[in-house]
Amino acid sequence: MSQSVNAFLEAVAKRNANEPEFMQAVREVAETVIPFIEKNPKYQGKMLLERMVEPERVIMFRIAWIDDAGNTQVNRGFRIQMNSAIGPYKGGIRFHPSVNLSILKFLAFEQVFKNSLTTLPMGGGKGGSDFDPKGKSDNEIMKFCQAFMTELQRHIGADTDVPAGDIGVGGREVGYMFGQYKKLRNEFTGVLTGKGISFGGSLIRPEATGYGDVYFAQNMLATKGQSFEGKTVVVSGSGNVAQYAIEKATQLGGKVVTASDSSGYIYDADGITTEKLAYIMEIKNVRYGRINEYVAKYPNAKFVEGKRPWEVKCDIALPCATQNELNGEEAKMLIANGCICVAEGANMPSTPEAVETFIAAKILFAPGKASNAGGVATSGLEMSQNSLRLSWTREEVDQRLHKIMSDIHEACVKYGTEADGFVDYVKGANIAGFVKVADAMLAQGVV
Ligand SMILES: NC(=O)C1=CN([C@@H]2O[C@H](COP(=O)(O)OP(=O)(O)OC[C@H]3O[C@@H](n4cnc5c(N)ncnc54)[C@H](OP(=O)(O)O)[C@@H]3O)[C@@H](O)[C@H]2O)C=CC1
Ligand SMILES: O=C(O)CCC(=O)C(=O)O
């Protein structure tokens, strides 16, 4: 690592002690963007990256609510408004007991680059709470969402900051938060995305992150004359992103053999067909159950408790669960088993050692900020439809999503192609994402 990158990271670490996930995300960007800045005088002397690692605003608040047993509960809420140079803050809300400042700052920082890559006018933000939705009744989920929005509503707005879902926050939670915002503010605006279709949501938004991840992998595979047809695919997670990655990979002729949750993974050598995926959706979206319930219905499959699916032989891997779920050893195992393509559906699922391993082996590797950008891009399309007070068809939204994912791929190739023709998608995504935000910051002066 160069001296300037080292010095930069030391200074950031000093100001952000005990924030390992945030430092991990900053390091990955700094290693590729600082050498680019050093070759481009236009971006020097204005502290651009130094400004980008400093959130424009961090909001932290108490959420008090009453559970079904009549007990008072207290959680912590956050919204990180990271960068608004190219548009209103935009990014999801996460409800998970692991949520803290470090995790949300890493997600908000990644979001700035990702949103820039989509080509749409969206700044970056992220929020959430350490609230654990597991085991809560529907009434408790609604009460919590209302209490969360009672505070958050004063900080957001259709032209200020537009939240959406993330881990633990899907259509149900977005609906409850939207209802509370509308009640308190007495306005019907597109203040959240991922809304229900009957109140301003966009067709394809639920599918968009998983579909977009597969479209991006399709673009990468095409550079090698390859496709999903006949390939074995390993997917982690079984939530929103994983479900639609499985659906699209299967539609394109791939055989998806795994899905997982935090308790372990299921391996189905016959492939997760459309009918079997419908069962996963019932387990996860209707009953909020566990992935091992799959083997009770499909006994040919097995459940591997407490493990992750990267030990399964595959051609393509799609990590779609959470951060740091694929380590260096697992990356080596994937490569030794013949994996040629990894497209991250989750945010930062590969550890730095895993990323290094994929790039050293020169396989097709896409970082989440490029390959999972289809979700927020379609949120951007939802905002456009809300502003127009129109709804586009499934086909129209899917067509736009396709085009956006191809354009992101092209931008990565433009900025990430090495002298020997290898495309470093990490470098490409970071530099392409940086350039648009940096140009806007330069034009707007030091603010
Ligand atoms: N939803 C979206 O549009 C977008 C999401 N992403 C990213 O994709 C990833 C998945 O999000 P999404 O599908 O929406 O979330 P969901 O809540 O729908 O699903 C999350 C899945 O990941 C698993 N998971 C969560 N934490 C862990 C953990 N610590 N170890 C193992 N498994 C875990 C969950 O299992 P369990 O139920 O056991 O916790 C569940 O299967 C996240 O990284 C998110 O930031 C990125 C872009 C957009
Ligand atoms: O759709 C959005 O606004 C948020 C998506 C998101 O949180 C993400 O891209 O990680």
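# A guided tour of the predicted model

Stop 1: Select Gly-190, Met-383, Gln-385, Asn-386 and Ser-387, which lie nearest the centre of the pocket among its 23 lining residues. Next, select helix H14, residues 374-388; this helix supplies 6 residues, the largest share of the lining. If the whole lining is coloured by class, 10 residues are nonpolar, 10 are polar and 3 are charged.

**Stop 2: the parallel sheet.** Display the open sheet whose 5 strands follow the order S7-S6-S11-S12-S13, with parallel pairing. Its edges are strand S7 (255-256) and strand S13 (364-366), each of which pairs on one side only. Strands of a sheet pair through backbone hydrogen bonds, either parallel or antiparallel. Select strand S12, residues 341-343, together with S13: the two run parallel and are joined by 3 bridges. Cys-341 is found opposite Leu-364 in S13.

**Stop 3: the mixed sheet.** Move to another open sheet of 5 strands, in which the order is S1-S2-S4-S3-S5 and the pairing is mixed. Strand S1 (57-66) and strand S5 (161-164) form its edges, each pairing on one side only. On average, neighbouring strands of this sheet are turned by 20° against each other, direction ignored. Select S1 and strand S2, residues 72-83: these strands run antiparallel and 10 bridges join them. Within this pair, look for Trp-65, which stands opposite Gln-73 in S2.

**Stop 4: two helices.** Helix H4 lies across S1, S2, strand S3 (89-95) and strand S4 (124-129), at about 150° to S4. At what angle do H2 and H4 pack? The angle is about 25°, and the axes are 6 Å apart. Angles under 35 degrees count as roughly parallel, and H2 and H4 are therefore roughly parallel to each other. To view the contact, select Pro-20, Glu-21, Phe-22, Ala-25, Val-26 and Val-29 in H2; they meet Ser-102, Ile-103, Lys-105, Phe-106, Phe-109, Glu-110 and Phe-113 in H4. By class, this contact of H2 with H4 comprises 9 nonpolar, 1 polar and 3 charged residues.

**Stop 5: the cavities.** How many cavities of 30 Å³ or more are counted? There are 2. The largest cavity holds about 40 Å³ of space. Select its lining: Ala-25, Glu-28, Glu-110, Glu-344, Met-348, Pro-367, Gly-368 and Lys-369. Helices H2 and H13 (368-371) are the elements that give two or more residues to this lining. Its residues divide by class into 3 nonpolar, 1 polar and 4 charged. Ala-25 and Glu-110 also belong to the contact between H2 and H4 visited at the previous stop.

Finally, turn to the second largest cavity, with a volume of about 30 Å³. Select Ile-359, Ile-363, Phe-365, Phe-422, Val-423, Asp-424, Tyr-425 and Val-426, which line this cavity. The lining of the second largest cavity has 7 nonpolar residues, no polar residue and 1 charged residue.

Note on methods:
Residues numbered from 1 in each chain as written. Chains lettered and ligands numbered in written order. Predicted model: local features only at pLDDT ≥ 70, side-chain atom pairs only at ≥ 80, totals over all residues. Heavy atoms only, no water. Pairing = 2+ DSSP bridges. Helix = DSSP H or I, 4+ residues; strand = E, 2+ residues; numbered from the N terminus. 1 Å grid on protein atoms, 1.4 Å probe; cavity = no way out; pocket = protein on both sides within 12 Å on 5 of 7 lines; lining within 4 Å. Nonpolar A, V, L, I, M, F, W, Y, C, P; charged D, E, K, R; others polar. Axes fitted to C-alpha atoms, helices over the stretch in contact; angles between N-to-C directions. Contact = heavy atoms within 4.5 Å. Parallel < 35°, antiparallel > 145°, perpendicular 65-115°, else oblique. Points joined across faces, edges and corners; volume = space filled by probe spheres on them.
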